[in-house]
Amino acid sequence: MFEFNAQTIAFLVLTLFVLGGALGVVTTRNLVHATLYMVLSLFGVAGFFVLLSAPFLAAVQVLVYIGAISILIIFGVMLTRSMTHLRHVHNAQWVASGVVTSLLFVLLMVGIILPVWGVNGAQTPTEVADVVADTAVMGQLLVSPNGYVLPFEVASLLLTAAMIGAIVIARDDE
Amino acid sequence: MVPLWAYLLVAAALFCLGMYGVLSRRNAVAVLMGIELMLNAVNINLVAFWRYLEAQTMNGQAFVAFIFVVAAAEAAVGLAIVISIYRNRRSVVIEDVDIMKW
C-alpha cells in the first residue's frame, strides 16, 4: 500500500493536477480557460514521467504538448472566435455519455484491482529495479536495425505528410 | 514507491474523462482536447508499465515517443480541418456538420 513519503505526496498532488485539469477541460464553457486547464493536466502528466524516472519524456511532454499542441489549440480557439462561448456546452447525449464512461471506469477499476482477468496491476510486485536504462539506450534503440528504425522513418514521413496536409487543408483557396 | 495500480487508476480516470469530453462536447476544438487527454492516459500507462516491468530495456519509452508523433500530427490535421469547416460554414458545432451521417 501507500507509504507516507515525499514520492507519495508528489503523486497525490500530481493526481490532483491531472484529474482536476481534465475535469476543467470537459466542463468549462470558455474554451480558452479549457485549454489552460488542459495545460495544467498535461503538466501533471509530465510530473508523472519524472516520478517514473523518464526525464527525457517529461522534457518532450513539456516541449511538444505544452509548448506546441496547446499553442496550436489556442490558435484554433482564437480563429473560431464566435464559437468560444457556446450557450450549450454539451450535446443532447451528455447523460448517456456520462453513464457509458462511468461504466467503463468501473470496468477498468475492476480489471486493475481485482484479479478477474489474470495477473494485473494490483498483483505486480511493488519493489522495482533501481537501475533504469537511460536516454542514450533509447537513442540507439530508435535507430538500430534491430530496434525501431523502420517505425522511426515512418513517423518522420507521417509528420511531413501531416504538415503538408495541414497547410493544404487550412489554406485559403483564392 | 507508489504501487503500479495507482498509476493505472489515474490513467483510467483520465481516459474516461477525455472520452466523456469527446462524446459530450459540442465544440470540435473541445473534442480534440478530449482526444489529447485520452492519448495522455495511454502514455501514463505505457511509462508506468515500462518502469515497473521492463525498466532494463527502453521499448516502453520508444512507444511513448511514437505516440507523441501521432498526437502532434493528429492535432495539426484536426485543427486544420476544424478551421476549414469554420471558414466554409461559420460554425464548429459538431451537429452542424453531420451531412455525412447516414
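Author: In chain B, the axes of α1(B) and α2(B) lie 7 Å apart, and these helices pack at an angle of about 165°. Here axes are lines fitted to C-alpha atoms, for helices over the stretch in contact, and angles run from 0 to 180 degrees between N-to-C directions. Helices (H or I, at least four residues) are DSSP runs numbered from the N terminus, as are strands (E, at least two). The angle makes α1(B) roughly antiparallel to α2(B); angles over 145 degrees count as roughly antiparallel, under 35 as roughly parallel, 65 to 115 as roughly perpendicular and the rest as oblique. The crossing of α1(B) with α2(B) is left-handed, a word used if the near helix is turned anticlockwise from the far one by less than a right angle, with right-handed used if clockwise. By class, the residues of this contact of α1(B) with α2(B) comprise 20 nonpolar, 5 polar and no charged. Ala, Val, Leu, Ile, Met, Phe, Trp, Tyr, Cys and Pro count as nonpolar, Asp, Glu, Lys and Arg as charged, and the others, Gly among them, as polar.

A word on the source is needed here. This is a predicted model, in which local features need pLDDT of at least 70 and side-chain atom pairs count only at pLDDT 80 or more, while totals for chains, interfaces and linings use all residues. Residues are numbered from 1 along each chain as its sequence is written, and chains are lettered from A and ligands numbered from 1 in the order in which they are written.

Leu17(B) is found in helix α1 of chain B. Leu17(B) counts as buried because it has 26 C-beta neighbours inside 10 Å; the cut-off for buried is 20 or more other C-beta atoms within 10 Å, for exposed 12 or fewer, with partly exposed in between, and C-beta atoms are placed from the backbone. Apart from neighbours within four places in sequence, Leu17(B) is in contact with Leu19(A), Ala22(A), Leu23(A), Val26(A) and Leu37(B), where contact requires C-beta atoms, placed from the backbone, to lie within 7 Å.

Leu14(B) touches residues of both chains, among them Val18(A), Leu19(A), Leu37(B) and Ile44(B). Leu14(B), Val29(B), Ile44(B) and Val47(B) touch the most other members of the largest nonpolar core, which has 75 residues. Such a core is a set of buried Ala, Val, Leu, Ile, Met, Phe, Trp, Tyr and Cys residues joined through C-beta atoms within 7 Å. Elements giving two or more residues to this core include α1 (4-24) and α2 (28-53) of chain B.

The helix α1(B) also meets chain A. The axes of α4(A) and α1(B) come within 9 Å and cross at roughly 165°, which makes α4(A) roughly antiparallel to α1(B). This crossing of α4(A) and α1(B) is right-handed. Among the residues making the contact are Trp94(A) and Phe105(A) of α4(A), and Trp5(B) and Tyr20(B) of α1(B). The contact of α4(A) with α1(B) has 16 nonpolar, 4 polar and no charged residues.

Between the two chains, the contact takes 74 residues from chain A and 66 residues from chain B. The side of chain A that touches chain B has 55 nonpolar, 19 polar and no charged residues.
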